[in-house]
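Look at the model below before reading on.

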Amino acid sequence: MSEQKTIMRHIPDRLDSPLHSAIFSWQTLLLTVAIGIFVINSFASPYFLDPWSLSDATFNFTEKALIALAMALVIISGEIDLSVAAIIALASTMMGIALQFGADTPVLVVVGLLSGLVCGAFNGLLVTGLGLPSIVITIGTMSFFRGISFIVLGDQAFKGYPIDFAYFGQGYVWWVISFEFVLFVVSAIIFYALLHKTNFGRQIFVIGNNPIAAQFSGVRVGRVKFLLFCLTGLMSGVAAILLTSRLGSTRPSIASGWELEIITFVVLGGVNILGGAGSILGVVIAAFIMGMVTFGFGLQNVPGIVMSVFTGALLICVIALPIVVRRFRKGAIE
Amino acid sequence: MSQPKLSLSGISKSFPGVRALDDVSLELYSGEVTALIGENGAGKSTLVKTLTGIYHPDEGEIRIDGEVVTLTSPHSAFELGITAIHQETVLFDEMSVAENIYLGHAPKTRFGTIDLRAMHSKAKTVLEGMGAGHIEPATLLKELGIANKHLVAVARALSIEAQIVIMDEPTASLSHKEIEDLFVLIEHLKSEGKAILFISHKFDEIYRIADRYTVFRDGGMVGKGLLADSPQNEIIQLMVGRSVDQIFPARDSSIGEQVLSVSQLSHPTEFHDISFELRQGEILGFYGLVGAGRSEVMQALFGFTRPSRGQVRLDGKPVNLKSPADAIKAGIVYVPEERGKQGVVADLPIFQNVSLPSLHEISKNGFLQLANEFALTREYTERLDLRASSLSQHAATLSGGNQQKIVIAKWLATRPRVIILDEPTKGIDIGSKAAVHEFMGDLVGQGLSVVMVSSELPEIMGMSDRVIVMREGKIIAEHINDETLDAATLLRDAAGIEEVAA
Amino acid sequence: MRWLLRTREIWLGLAIIAIIGGTTLRSSNFASIGNLADIFNNTAMLMILALGQMVVILTRSIDLSMAANLALSGMIVALLNSSFPGIPVPLLMLIATICGLAMGAFNGILVWKLDIPAIVVTLGTLTIFRGVIFLIAGGKWVNADQLSPGFIEMTRIQLLGLPLLSWFAIIIALLFFLVMSRTPIGRSLTAIGINPTASVYAGIDVGKTKFISFCMSGAAAGFCGFLWVSRYVIGSVEIANGYELSIIAACVIGGVSIAGGVGTVGSALLGALFLGVTNSALPVINISPFWQMAISGGAIILAVIFNSRGSGNKGRIILRQEVPKV
């Protein structure tokens with residue numbers, strides 16, 4: 001016994017080098033797909049490689065992708081938020097109301113962000129405070145938030161946003177680089193650090209994997225989840241500002257159906273819908289893929305609705321493929 | 001009684017790292033009750049799962065009326081007339097009594113639909129036949145008490161005309177009156193010629209109802225016979241019989257000042273008036289039967305559940321433990337019994353498991369420092385002699401013993417004052433058991449204090465300085481662990497039986 | 001003695017009666033037989049769909065693709081009818097149901113054989129089904145003048161004072177009631193939601209039972225596809241867009257628990273009726289129909305809170321319940 005104690009076994013940190021595991025990761029597969037789509041698109045249409053049209057292409061996914069960043073965290077923690085698009089509608093409506101009271105651009109921004117945050121906190125409170133299942137609660141708040149927009153606006157719209165407000169959704173930081181795109185890149189870096197480099201991010205993974213063990217390890221599960229819902233609400237507020245600024249108007253039907261697209265981004269990006277696994281890089285690449293495919297189809301005059309067949313099939317295949325492969329391998333061994 | 005109704009021979013079943021059943025045999029006879037006796041981890045529940053078709057044995061054969069049968073699924077067990085009444089009664093709360101009795105074999109009408117009227121009247125007949133006519137077939141199961149739920153489970157067994165009935169700790173949460181009623185019912189089943197396997201820890205019940213016994217220890221069959229020929233002490237000896245592989249480390253720790261004192265801790269339904277103290281360098285054993293409330297007390301100490309009353313003092317100062325995070329901060333940590341559910345995070349790497357409660361220590365301004373994290377993990381896992389190919393290996397890929405080492409390492413890394421180990425060696429192999437025991441010795445040598453909840457007598461007797469016995473949510477006895485303390489005394493305290501003249 | 005479940009249903013029934021009563025104070029015509037029959041007829045499809053969804057939710061799954069399934073099945077029979085007006089209408093009803101069933105079976109297979117979470121599968125098929133509508137119809141609509149009169153009449157024929165549409169809902173509700181209360185499969189559906197482990201012990205195949213639940217929701221959606229096109233006289237990509245959430249709302253309001261195992265035919269029907277009555281009452285009491293969405297959202301939230309009360313973990317009972325000695 002005492003002999004065993006003196007010979008301490010050395011256990012290496014890891015067996016595979018980080019490079020090795022990076023090469024055989026989901027993100028690499030996605031990146032390959034992304035490059036493939038990029039190449040196909042550039043051959044298929046002469047307009048694709050034009051810097052301005054590429055820049056235009058980013059607009060159709062950055063707003064959704066911004067929310068997808070936060071949604072990824074919520075889903076990794078084992079919850080889901082279906083109310084994000086409705087939060088955009090409500091936040092946009094609140095900005096419209098502020099506009100009627102003569103608010104200028106800074107006030108509009110604050111109103112947009114605050115509305116999103118409050119909606120997110122409301123979801124978080126219901127889910128963590130009352131311990132209700134997030135999938136039903138956010139279906140409820142989804143109707144509720146958008147319903148308020150309908151009550152306020154009916155079939156009307158808010159218009160006449162200040163000229164400088166248009167910068168968020170239409171402005172360019174430098175040459176073809178839009179403000180939206182820059183904001184997305186910066187947010188992606190921040191979310192990457194938050195999820196993969198901080199204590200908070202580690203706790204998100206642990207909660208998603210095993211909430212009971214997390215609680216037994218002293219992680220304040222309820223608080224983390226509450227903050228994630230607030231964060232998702234806040235990012236929906238950001239998206240509301242960008243979208244309202246880009247469209248220049250608010251209608252209650254704004255961003256309808258976005259929640260499902262955003263979840264598709266997240267799941268395609270390799271986040272496990274049951275929680276516990278995922279990466280920001282994957283979500284970012286998935287967003288680019290979806291953006292490029294939409295844009296590429298657009299250049300070929302393929303209607304958006306056909307694109308949805310592709311999206312849906314991709315979503316199912318991407319999840320089914322690893323399962324089928326695993327089954328097949330297992331069968332081979334047995 | 002020439003031919004047994006059911007006989008098992010040479011049954012073995014292994015799980016990664018553990019041999020749960022090792023060449024066991026068992027016979028059940030029609031019209032007789034056979035008691036299966038053994039400590040936790042002796043292999044009783046694995047046997048029940050094998051008999052009900054959930055697990056498939058690696059080796060051995062099962063015969064019914066002398067014919068070899070294979071139990072491929074729960075459904076095939078059901079068709080062969082085997083039914084089990086489980087520890088935690090597995091029935092359907094939201095369904096009616098009649099539906100629970102006839103799920104899967106309801107009487108049908110000519111059109112193939114369920115004949116509700118026939119189902120209710122047959123359920124009524126079955127219930128009345130067993131003296132449970134007070135239960136209405138249309139009642140929702142959730143409106144019944146535990147005792148009546150048991151009766152429904154028994155009625156289900158009768159309704160499928162099962163010839164072999166397995167009762168897994170059926171008396172665990174029944175009152176004395178209810179237990180008596182159950183025994184009347186078992187007599188009724190016996191008179192109908194059923195072969196019954198009765199699993200219980202309680203010797204008075206076993207002697208009261210069973211005809212035969214079979215004793216399991218560490219996954220093997222160590223004895224069987226007729227109860228009438230076997231005095232209680234003989235069976236206790238068989239059950240406890242210290243296994244040769246288990247040598248407990250000798251240690252000479254000096255017990256110091258009082259560290260933790262708990263007074264009058266109570267919970268509305270789980271435990272009552274729990275008071276004890278713990279000294280520096282001491283191992284305090286908590287012994288009792290499964291469901292005696294030991295884990296519940298520990299989880300309250302750890303801030304996981306809120307006690308309704310009572311006080312906890314650490315170093316003489318009262319502490320308010322509202323969550324596990326508070327307890328960890330105060331220096332009390334808890335290695336839970338349900339390792340898979342409450343202990344390890346299976347799909348995360350080892351180092352992330354170990355650093356989890358210490359994230360604040362290894363990080364800078366909230367940012368993780370991988371180098372610190374690996375260093376911390378290495379320090380504690382190597383002390384525990386963890387066997388793993390790398391620290392980035394997922395916890396799920398390790399054996400139970402090594403997973404337990406991860407959980408213990410995780411807590412040691414927080415440098416606690418008091419470490420509570422709940423069934424620390426349950427379901428892990430002998431080698432890892434020894435490592436865990438040896439390490440407990442080291443811990444107290446370094447001045448930590450240990451509370452060890454265990455249902456294994458050798459472990460309790462081999463490791464503890466003092467032993468507290470709990471039964472039904474209360475502290476029954478406290479013993480200094482010296483030469484005068486014997487296993488039989490503890491077992492009697494825990495099971496609530498009077499001393500009998502040997 | 002199913003009083004706990006019953007009370008929930010009774011409360012909802014009382015709420016519906018209260019809304020009808022309150023609205024009648026404003027407009028005496030509201031509670032007339034004719035108007036109530038109209039409300040029932042307007043809610044008929046939602047009731048059928050909610051029944052299909054309930055069966056899926058019982059097994060701890062969810063079907064987000066029902067509205068898309070409805071739209072695709074509807075478009076298929078609309079196209080068939082406009083191209084081959086000779087096909088008898090009852091056969092078209094059958095075709096719509098079979099199309100829906102096939103789509104449900106596709107969802108079910110993925111859930112059963114590949115263990116993909118139902119929410120992901122149906123999220124994917126929802127977009128696929130909608131896209132396929134566009135592809136098969138070439139992006140065009142099917143209008144009233146392209147549909148045969150028999151097709152359009154099918155939901156409107158009056159029988160004993162009620163349109164056939166209402167009768168369909170009644171028949172299907174009875175069918176579901178029969179299946180849920182009188183067949184082994186109905187029992188299995190409830191059982192696996194309450195306690196999957198115990199169901200395995202009772203010899204139930206959990207995966208296969210889930211598959212069957214998706215077939216049922218698919219068939220319900222397919223049948224409603226026919227009804228929808230016949231009633232609203234239009235087939236397009238857009239029909240019933242977003243309706244999947246109303247269907248889930250009806251179930252949740254009715255007290256069907258998303259955690260599985262809790263829900264009856266009555267609860268799904270009452271949930272749907274609640275939404276139907278509320279929608280009809282709003283214009284009568286001079287509230288803009290734009291309130292409808294927020295009200296159903298609020299109702300979902302309240303229903304979930306109400307349903308979850310009292311189901312919390314109360315801890316194990318270890319201490320003997322005895323009178324303490326003084």
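In this predicted model, 41 residues of chain C are in contact with 39 residues of chain A. On the side of chain C that touches chain A, four helices each supply at least two residues: H4 (89-114), H5 (118-137), H11 (243-254) and H13 (292-308). H5(C) gives the most to this side, with 14 residues. What classes of residue does the side of chain C that touches chain A have? By class, there are 29 nonpolar, 10 polar and 2 charged residues on it.

Chain B has 18 helices and 20 strands. Its residues are divided into domain 1, which covers 6-240, and domain 2, which is made of 258-342 and 416-495. The C-alpha centres of these two domains of chain B lie 32 Å apart. The table gives some values for chain B as a whole.

| Property of chain B | Value |
|---|---|
| Span of the C-alpha trace along the principal axes | about 75 × 55 × 45 Å |
| Radius of gyration | 25 Å |
| Buried residues, of 502 residues | 50% |
| Contacts joining residues at least 24 apart, among those between residues at least 6 apart in sequence | 69% |

Why can the radius of gyration of chain B be said to agree with a compact globule? A compact globule with 502 residues would have a radius of gyration near 23 Å, and chain B has 25 Å, so the two agree.

A similar check can be made on a helix. Helix H3 of chain C (residues 66-83) has 18 residues, and at 1.5 Å a residue it should span 26 Å. The end C-alpha atoms of H3(C) are 26 Å apart, which agrees. H3(C) is mostly covered, since 14 of its 18 residues are buried.

The last item is one residue of chain B. B:Ala346 is found in the loop between helix H11 (339-343) and helix H12 (350-355) of chain B. Is B:Ala346 buried or partly exposed? A residue counts as buried if 20 or more other C-beta atoms lie within 10 Å of its own. B:Ala346 has 19 within 10 Å, and is therefore partly exposed.

Leaving aside neighbours within four places in sequence, B:Ala346 is in contact with B:Gly340, B:His394, B:Ala395 and B:Ala396, and also with A:Asn210 of chain A. B:Leu370 is 24 residues from B:Ala346 in sequence, and their C-alpha atoms are 20 Å apart in space.

Methods: Residues numbered from 1 in each chain as written. Chains lettered and ligands numbered in written order. Predicted model: local features only at pLDDT ≥ 70, side-chain atom pairs only at ≥ 80, totals over all residues. Contact = placed C-beta atoms within 7 Å. Nonpolar A, V, L, I, M, F, W, Y, C, P; charged D, E, K, R; others polar. Domains from an automatic or database assignment. Rg over C-alpha atoms; globule rule 2.2 N^0.38 Å. Buried ≥ 20, exposed ≤ 12 C-beta atoms within 10 Å, placed from the backbone. Expected span 1.5 Å × (residues − 1).
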